[in-house]
Amino acid sequence: MTEENESQNLDDQVVVDCARSKVSDLWKLEDCWSIWLGFLILIVGLIIYLPQGSEEINKKITESNYILQKESERAPFKTTAWYSALDKKAKIKATSTEVGKEIVKLTNRPKKWSSNPLDAFFMGDEEAELLKQSAGKKYLEAKDRESKALELAKLAEDKAAAFNFTNEELNLKAVTAIDNWRKAVKNTSVEKKKAGVKPFNQIPYLILSMIIMAIIFGIGWKIMGHPFLKFVLGFSFVFLIAVLAYTFASNSTMSHYGIGYPGWAILFGLIISNTIGTPKWVKPAVQTEYFIKTGLVLLGAEILFGKILSIGIPGIFVAWIVTPIVLLTTFWFGQKIIKIPSKTLNITISADMSVCGVSAAIATAAACRAKKEELTLAVGMSLIFTSIMMIIMPAFIKSVGIPFILGGAWMGGTIDATGAVAAAGAFLSDRALYVAATIKMIQNVLIGVVAFCVALYWVAKVDRKQGQKVSALEIWYRFPKFVLGFIVASIIFSLIYQFLGNDMAYVVIDHGAIRGFSKIFRGWFFCLAFVSIGLATDFRELTSYFKGGKPLILYICGQTFNLILTLIMAYIMFYIVFPGITASI
Amino acid sequence: MKPKNLNGRNRVLKKIKDYFYLLVSMSVVTIFVLFLAPCMDDAPYVKPLTNFIDDEEINAGAIYYSDIEEFSIAEINMKNTIDYLPCFNPGKKEEKK
């Protein structure tokens, strides 16, 4: 319990504070409010989207599964009918309903822009019509190419079928023709999106989002015993900086280098706090812990344990065996060899680099109560190295002649940022993307376990005095309670996912309660948290963490080990132990 | 961070200096985003990848799998590949005959 008194002075420094166990904690402590607010948003999302799983949708899924089963028994490769059934299944999403579209529209962020930042907020009817016309022409051309590619693919498939798929040469020709058709399908889909451009005005929706979030957080703030109006006033400024962060992140150049909103949010916060200083009236709303913890509870719902099996055993080995080995080895290396003074900085960087970048850094930093400067440093290094690796790795893989599936697995397990993995994987090939993305997604799920274990280790071992034995009750008192909310959200949503079955859960949970609701708020809350970190950080304190370059050395050494081990494990799993799965991807 | 006990004139000068630094910082960031960074796009190793990302509209800055559509596509493809793995064996069909 002494931690709470000591942490009172460290409140502004650490990412998370600890909770005590009294009944009044349930409505007085930030940890608990983050759980209530997070659960409220998750429940609303479920109420909106679960009923979308109708009998009609079930019927469509069953029909597609029947065709997939039939086709998998008919040919030794994925046929055009197999892919068509899959495409039909993939299009069934709760976010495609009227309700889903409306929610996405209301909660939309600044859009992509290249030279005029106002394009992020407004597009007039004339401009939309001009873009639609030019994109529409390209869409029709792409559609035409797709039909022709489909005809050729069906022809090649029929020729192979005429020989009962016993002729290897004809089978290979059919697979190649089908691959070409799939590329054309993807191209059509991209052009269709561009042709569907509509005029927009984001300002009213952004104001509405600000009001909703101010009320959500403000009510909790008020019940915790703090002034509501002062919070809401300060919140408007923090929100404005968050909008600015999203705006710069959506710039086309920054977007393709993978420099996302976390970096911009911290940067703009730092600029303000280290020039004119964070205004006094804003400070009541500079609540990093409050925003981050609530965001983490929402993130918990996206940690679905069923996804671990998405790619089968090879993926589990690459993501769940290699990652913990790299994490623990890097942490040990940082403690014993490099001798980084701060354990929390060490574990945050180690998790950031070995698991999945910014999201892992947030969860780990919160679990071990790292300082804001430490999280800032970890996030900054991750963003820089992600951009570098995203550019270099695909070029290296192509130049050396590494098979694309192996390359995809390698990138998925090593490039920090999830978006950069998708970009680098897709750049190689669709198959590389599938493997890279799935491995990264399995690593994303690992965040839950890492955060829980780090929180437990810190409370039981690190934070105790030398010689002190910590009882189970004491561990409970000190354990950051929001981590429980994070884990409970994960367990509940994982159970709902399993209960509904993968196909229906894809429709109403993946593309419903999560992508259509909770993840929108999660993104905003993390952005608000990073803005708050920037607004509360002194740049001089931040630079002191660079001393000796130890964090950079740790990152580079850990990432080098990660690159070597991941490549070896991926090769063994995908090419020696499970070549059958690799051949069928 | 603001030094205390400044007289009125010094306070005003300090404030002007602070706003000046703010303006310079934001200008540097804007120049980097609008002018310097786009110049890197033409580098030979960078151009193919950046053009690809722009054409495909991939959100390369996403921090979690649910932020990015490509992950959903990848997952459904992989899952259905594992669940409905093409397993046709021409030998078996000839045996039945």
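Which helices of chain A do the buried residues of α3(B) pack against? In this predicted model, the buried residues of α3(B) pack against α4 (55–74), α5 (80–91), α19 (418–428), α20, α23 and α26 (579–584) of chain A. The helix α3(B) itself is mostly covered, with 11 of its 15 residues buried. These buried positions are Glu70(B), Phe71(B), Ile73(B), Ala74(B), Glu75(B), Ile76(B), Asn77(B), Met78(B), Lys79(B), Asn80(B) and Thr81(B). From its first C-alpha to its last, α3(B) reaches 21 Å, close to the 21 Å expected for 15 residues at 1.5 Å a residue.

Chain B contains 4 helices and 0 strands, and its elements run α-α-α-α from the N terminus on. Of the 97 residues of chain B, 27% count as buried. Contact between the chains involves 54 residues of chain B and 71 residues of chain A. On the side of chain B that touches chain A, at least two residues are supplied by each of α1 (8–40), α2 (47–56), α3 (69–83) and α4 (90–96) of chain B. The greatest contribution to this side comes from α3(B), which gives 13 residues. By residue class, the side of chain B that touches chain A comprises 33 nonpolar, 9 polar and 12 charged residues.

Within chain A, helix α22 (residues 481–500) also packs against several other helices through its buried residues. At 1.5 Å a residue, the 20 residues of α22(A) should span 28 Å, and the end C-alpha atoms of this helix are 29 Å apart, in agreement with that expectation. The buried residues of α22(A) are Lys481(A), Phe482(A), Val483(A), Gly485(A), Phe486(A), Ala489(A), Ser490(A), Phe493(A), Ser494(A) and Tyr497(A). Their packing partners in chain A are α3 (30–49), α13 (288–300), α16 (358–368), α20 (430–462) and α23 (502–535). Both α20 and α23 of chain A are also among the helices against which the buried residues of α3(B) pack. After α22(A) comes Gly501(A), whose phi is positive, near 90 degrees.

Two helix pairs in chain A involve α10(A). In one pair, helix α9 (residues 203–223) of chain A packs with α10(A) at an angle of about 140 degrees, their axes lying 9 Å apart. The two helices α9(A) and α10(A) are therefore oblique to each other, and their crossing is right-handed. From α9(A), the residues Leu206(A), Met210(A), Met213(A), Ala214(A), Phe217(A), Gly218(A), Trp221(A) and Lys222(A) meet Phe228(A), Phe231(A), Val232(A), Phe235(A), Ser236(A), Phe239(A) and Val243(A) of α10(A). The residues of this contact divide into 12 nonpolar, 2 polar and 1 charged.

In the other pair, α10 (residues 228–249) of chain A packs with helix α12 (residues 261–274) of chain A at an angle of about 130 degrees, and the axes are 8 Å apart. The helices α10(A) and α12(A) are therefore likewise oblique to each other, and α10(A) passes α12(A) in a right-handed crossing. On the α10(A) side, the contact is made by Ile241(A), Ala242(A), Leu244(A), Ala245(A), Tyr246(A), Phe248(A) and Ala249(A). On the α12(A) side, Tyr261(A), Trp264(A), Ala265(A), Phe268(A) and Gly269(A) take part. The contact of α10(A) with α12(A) consists of 11 nonpolar residues, 1 polar residue and no charged residues.

How values were computed: Residues are numbered from 1 along each chain as its sequence is written. Chains are lettered from A and ligands numbered from 1 in the order in which they are written. This is a predicted model: local features need pLDDT of at least 70, side-chain atom pairs count only at pLDDT 80 or more; totals for chains, interfaces and linings use all residues. Two residues are in contact if their C-beta atoms, placed from the backbone, lie within 7 Å. Ala, Val, Leu, Ile, Met, Phe, Trp, Tyr, Cys and Pro count as nonpolar, Asp, Glu, Lys and Arg as charged, and the others, Gly among them, as polar. A residue is buried if 20 or more other C-beta atoms lie within 10 Å of its own, exposed if 12 or fewer, and partly exposed in between; C-beta atoms are placed from the backbone. Axes are lines fitted to C-alpha atoms, for helices over the stretch in contact, and angles run from 0 to 180 degrees between N-to-C directions. Angles under 35 degrees count as roughly parallel, over 145 as roughly antiparallel, 65 to 115 as roughly perpendicular and the rest as oblique. A crossing is left-handed if the near helix is turned anticlockwise from the far one by less than a right angle, and right-handed if clockwise. The expected span of a helix is 1.5 Å times one less than its number of residues.
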